[in-house]
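Visitor: Could you walk me through this structure with a few questions and answers?

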Amino acid sequence: MTTNEYQVTGMTCGHCEMSVREEVGLVAGVEGIQVSAKTGRLAVTGPADDAQVLAAVAEAGYSAVRV
């Protein structure tokens, strides 16, 4: 199972985590999501496309880069 990690900028609370989780969850191929406002980390499990994950994070109102 593939897991890609991203550094998300701008998350500060649980609501931020929920927003990112909801948007990224809509991306085809996403099987699991772990997100932490405390560390700014997003881990996406499954064969999801990087560009789509990054676009979903942007749709939630945040910016991200793959690490």
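**Burial and salt bridges**

Guide: S19 counts as buried because its relative accessibility is 17%, where buried means under 20% relative accessible area, exposed over 50% and partly exposed in between (1.4 Å probe, protein chains only). This is a predicted model, in which local features need pLDDT of at least 70 and side-chain atom pairs count only at pLDDT 80 or more, while totals for chains, interfaces and linings use all residues. Residues are numbered from 1 along each chain as its sequence is written, and side-chain values use heavy atoms, with hydrogens and water left out.

Visitor: Which residues does S19 touch, not counting residues up to four places away in sequence?

Guide: S19 lies in helix 1, and helices (H or I, at least four residues) and strands (E, at least two) are DSSP runs, numbered from the N terminus. Contact means heavy atoms within 4.5 Å. Leaving out residues up to four places away in sequence, S19 touches A60 and Y62.

Visitor: What arc do the buried residues of helix 1 cover around the axis?

Guide: In helix 1 (residues 14-24), the buried residues are C16, E17, S19, V20 and V24. They lie on the same side of helix 1, because they cover an arc, taken from the directions from the helix axis to the C-beta atoms, of only 160 degrees.

Visitor: Which residue meets R41 in a salt bridge?

Guide: A salt bridge is a side-chain nitrogen of Lys or Arg within 4 Å of a carboxyl oxygen of Asp or Glu. The side chain of R41 has such a partner at 3.4 Å, N to O. The pair links strand 3 with strand 1 (residues 3-9), 36 residues apart, and the partner of R41 is E5.
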